[in-house]
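Me: I'd like to learn how to read a two-chain model feature by feature. Can we start with a single residue and work up from there?

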Amino acid sequence: MAKVLMKGNEAIALAAIKGGVDAFYGYPITPQNEVPEYLSKHLLDAGKVFLQAESEVSAINMVYGAAGAGKRVMTSSSSPGIALKQEGISYIAGAELPCLIVSVMRGGPGLGSIQPSQGDYYQATRGGGNGDYHLIVFAPESIQETIDVIKESFDIADYYRNPVMVLVDGLIGQMMESVDFDRPVKERFLPEKDWATTGTKNHPGRRNVANSLYLDPQALEQHNIHLNEKYKLIKKNETRFELINFDNPEYIIVAYGTMARIARSAIEMLKKEGIEVSMIRPISLFPYPEIAFDKIPENVKGILTCELSMGQMLDDVLIANNGRHKVGFFGRAGGMLPDPEEIVDAIKNFNERVVK
Amino acid sequence: MDAKNIKVAGFGGQGVMMFGQILAYSATKDNINGLWFPSYGPETRGGTANCSVIVSDKQINSPVFKNADHLVAFNLPSLVKFEEHMAENGLILYNSSSIDDQKSKENVLVVGVPINDIANELGNIKVANMVMMGAYLQLTKLFSDETIEAIIKKILGERKADLVEINKQAIIAGKEYVKKLGVKYA
């Protein structure tokens, strides 16, 4: 198909339809409102379920229920809305149910602003919900990559019986780009959902229960161990990253999402000045691509982490770097976007940026 | 073609966002890459609306740029705000119906078009932005008449199909005005 120009939020919605979504439950919040707006028409036209709930808490529990019934189900929200959904997200992860959660980040904390931000890295990767759980978190850098990963995310969620979060900043939601919806999706063998609570007439002699409560500590520990084994498998199979301009670099930039796009331009500008800089661009934030840091040449002068926050992914960079190189940080927050020249300056003045 | 970073700015209601979107739609139709985003940040306060557009036959990297190759200014506050952030060999196109005459700068061509007056002569002030589009295309040669016409038809749809003709006339009028000025850019 020829490319079309589409707004990020609408592209998220259409990609979800292409990915086979059966039901959407959500509650409005800027800057992601075009996702439910688009689905409220096109999902209903396709004979599927669209429901605007009375609150975020209600919406995520509807997701829990519909996922338990074996349907392909999603919600989308933005920072404070995702915060409200955390209890339900933890329950869904505990009950091992597949779903897609789209998080379009805005400035924070609290109500913050409606401008783009990456201040919810911790929220996505460390969990705002309780307990030993992980989401599979993808952070695409463009509308095209967002489409590709959303089309695939229902398969990934079903395969691992785990919620997938697609984490973008508000800029990706609000901008328009030329995109192609027909790029191929990796084929996966998906087992039948024999665990789904579809009624005993559909699974005679077997009682299916969606539950996250284990009163017996031995049983819960076994469940925790089982989940941990699953997360290890996810780390082995689903770690995604891109290495950019990885040819004898002086410095390494680590950035994701919109910040990675801005850094790409900074790297080109620096190249013209004879300064070679490479980038590690994490695409999966959980699992974090620690393995990419093993590819950094020994003689680099340092690693600059760039984020639209005051430094959150920085923690994962420090863990992955494991003391091998100097690590610096450049960030803008509150909805402010840097131009590439600011990253160029940060590289040139790397020593002022060093945090460890 | 090198990537073109384009800033379009004016008052809300002057068709600024639509001007930018038409460029991004045209790029997509011509099978190159287009990117559009509305203004974010504190600059949205104070009544001006602006959008950034990038068109390129290569992958578009940063959606954010410091210096524009082309600035299309529909009002004075927009011109004042963005004229200092121009790339080498840039083009500033401004609305001379509401902005006093401006001189060209070193390495930046500055062209005024009385878009409100021309649109009023055509009988519809709402097509002032398409007068500007005609002038812009005459100077930059970015997109063909066929491409732009197809996009305008698509945006107006069947419901507003009767407005296609006046928009086409506005584009022609903008082109003619620049031809008569005799300035050349691309």
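**Reading the model, step by step**

Reply: Ser55(A) counts as exposed because it has 12 C-beta neighbours inside 10 Å. The cut-offs: buried means 20 or more other C-beta atoms within 10 Å of the residue's own, exposed means 12 or fewer, and partly exposed is in between, with C-beta atoms placed from the backbone. Before we go on, this is a predicted model, where local features need pLDDT of at least 70, side-chain atom pairs count only at pLDDT 80 or more, and totals for chains, interfaces and linings use all residues. Residues are numbered from 1 along each chain as its sequence is written, while chains are lettered from A and ligands numbered from 1 in the order in which they are written.

Me: Where is Ser55(A) placed?

Reply: Look in the loop between strand E3 (49–52) and helix H3 (56–68) of chain A. Helices (H or I, at least four residues) and strands (E, at least two) are DSSP runs, numbered from the N terminus.

Me: How do I read two packed helices?

Reply: Two packed helices are described by the angle between their axes and the distance between the axes. Here, helix H3 (residues 115–122) and helix H6 (residues 164–181) of chain B pack at about 135°, their axes 10 Å apart. That angle makes H3(B) oblique to H6(B). Axes are lines fitted to C-alpha atoms, for helices over the stretch in contact, and angles run from 0 to 180 degrees between N-to-C directions. Under 35 degrees is roughly parallel, over 145 roughly antiparallel, 65 to 115 roughly perpendicular, and the rest oblique.

Me: Which residues of H3(B) and H6(B) meet?

Reply: From H3(B) come Ile118(B), Ala119(B) and Leu122(B); they meet residues of H6(B) including Ile166(B), Ala170(B) and Tyr177(B). By class, that contact has seven nonpolar, two polar and no charged residues. Nonpolar covers Ala, Val, Leu, Ile, Met, Phe, Trp, Tyr, Cys and Pro; charged is Asp, Glu, Lys and Arg; the others, Gly among them, are polar.

Me: What about the sheet in chain A?

Reply: Strands pair if DSSP finds at least two bridges between them. Five strands of chain A form an open sheet with mixed pairing, in the order E9-E11-E10-E13-E14. E9 (241–244) and E14 (327–331) each have a single partner strand, so one side of each is left without a neighbour in the sheet. Strand E13 (residues 302–307) of chain A runs parallel to E14(A), joined by five bridges, and Ile303(A) has Val327(A) as its bridge partner.

Me: How many residues touch between the two chains?

Reply: 22 residues of chain A are in contact with 20 residues of chain B. On the chain A side, H9(A) gives the largest share, five residues. That side divides into 10 nonpolar, six polar and six charged residues.

Note on methods:
Two residues are in contact if their C-beta atoms, placed from the backbone, lie within 7 Å.
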